[in-house]
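Hi everyone, and thanks for coming. Let me put today's structure up on the screen, and then we can walk through it together.

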Amino acid sequence: MNASLACQDIELPLEEADLLKLVPHRPPMLLLSKLLDVDVDAESGVGEAFFGQGSVMLDAKGHVVPEALVEFLAQTFAAVEGYCRAVKRQAPPDRPGLLTAIRKATPSGKGRGGAPLVARVAALGHYAGFTVIEGQVLQEGELLLTAELKLYQSEDEE
């Protein structure tokens, strides 16, 4: 990741320039376009993505590919975590985190390009470098996916 986000710069929503300081992803694989809201105490937040015409995240019919919805949840949580670290004046992690497991994934609709997607994520727990999160992806109020993800972030070495 580039220079960390200075505490005085933290004002939501955060757009791409600031998101690049919080997550290791870069376009075209940066799916998150805005970080809209964060509850630092609850380690939860809301992100937004927008896939326009020609996006690699759309299939031939203009629907969002299912893998993009899962990755969008993971990236939203990465940005929430980065934001929380910045607010707490903690250094960003040395290495990017990894999505290691998907549980209880329940797709319930197909997203389409040209309309914003919203992800709501929250940490359920942490153990030995692993974090389990729950999340939902919505588009115009329609629920597209609910899932639990297991993420791994190697613990900072002292």
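**A walk from the inside out**

Let's start with Gln75, which counts as buried because its relative accessibility is 1%. Here buried means under 20% relative accessible area, exposed means over 50%, and partly exposed is in between, with a 1.4 Å probe and protein chains only. Before I go on, please keep in mind that this is a predicted model: local features need pLDDT of at least 70, side-chain atom pairs count only at pLDDT 80 or more, and totals for chains, interfaces and linings use all residues. Residues are numbered from 1 along each chain as its sequence is written, and side-chain values use heavy atoms, with hydrogens and water left out.

So where is Gln75 found? Gln75 is in helix H2. When I say helix or strand, I mean DSSP runs, numbered from the N terminus: helices are H or I with at least four residues, strands are E with at least two. And which residues does Gln75 touch, not counting residues up to four places away in sequence? They are Val23, His25, Met29, Leu30, Leu31 and Leu32. Contact, by the way, means heavy atoms within 4.5 Å.

Now to Met57, in the loop between strand S2 (44–49) and helix H2 (66–87). Met57 is buried, with a relative accessible area of 9%. Leaving aside neighbours within four places in sequence, Met57 is in contact with Met29, Leu31, Phe51, His63, Val64, Val65 and Ala68. Here is one to find on the screen: the C-alpha atoms of Met57 and Arg112 are separated by 9.8 Å, and these two residues are 55 residues apart along the chain.

Next, the nonpolar core. That term means a set of buried Ala, Val, Leu, Ile, Met, Phe, Trp, Tyr and Cys residues joined through side-chain atoms within 4.5 Å. The largest one has 40 residues, and those that touch the most other members are Leu35, Phe51, Leu73, Tyr83, Leu117, Val137 and Leu149. Strand S1 (32–39), H2, S4, S5 and S6 each supply at least two residues of this core. Which element gives the most? H2 does, with 12 residues.

Let's move to the strands. Two strands pair if DSSP finds at least two bridges between them. S4 and S5 pair in the antiparallel sense over nine bridges, and His126 has Thr131 in S5 as its bridge partner. S5 and S6 are also antiparallel, over 10 bridges, and there Gly135 stands opposite Ala147 in S6.

Each of these pairs forms a hairpin. In the S4 and S5 hairpin there are two residues between the strands, and Ala128 in the turn has phi near 50°, a positive value in a residue other than glycine. Is Ala128 buried, exposed or partly exposed? Ala128 is partly exposed, with a relative accessible area of 44%. The S5 and S6 hairpin has two residues between its strands as well, and Glu140 in that turn has a positive phi of about 50°. Glu140 counts as exposed, at 61% relative accessibility.

Two prolines deserve a quick look. The peptide bond from Leu12 to Pro13 is cis, with omega near 0°, and Pro13 lies in the segment before helix H1 (16–19). The bond from Pro27 to Pro28 is cis too, with omega near 5°, and Pro28 sits in the loop between H1 and S1.

Last stop, the empty space. Rolling a probe the size of a water molecule over the atoms shows where empty space is left. On a 1 Å grid over the protein atoms alone, with a 1.4 Å probe, a pocket is an open set of points with protein on both sides within 12 Å along at least five of seven lines, and lining residues have an atom within 4 Å of a point. How much space lies in the largest pocket? About 670 Å³. Of the 35 residues that line this pocket, the closest to its centre are Phe77, Glu81, Gly97, Tyr152 and Gln153. H2 gives the most to this lining, with nine residues.

Key: Grid points are joined across faces, edges and corners, and a volume is the space filled by probe spheres set on the points.
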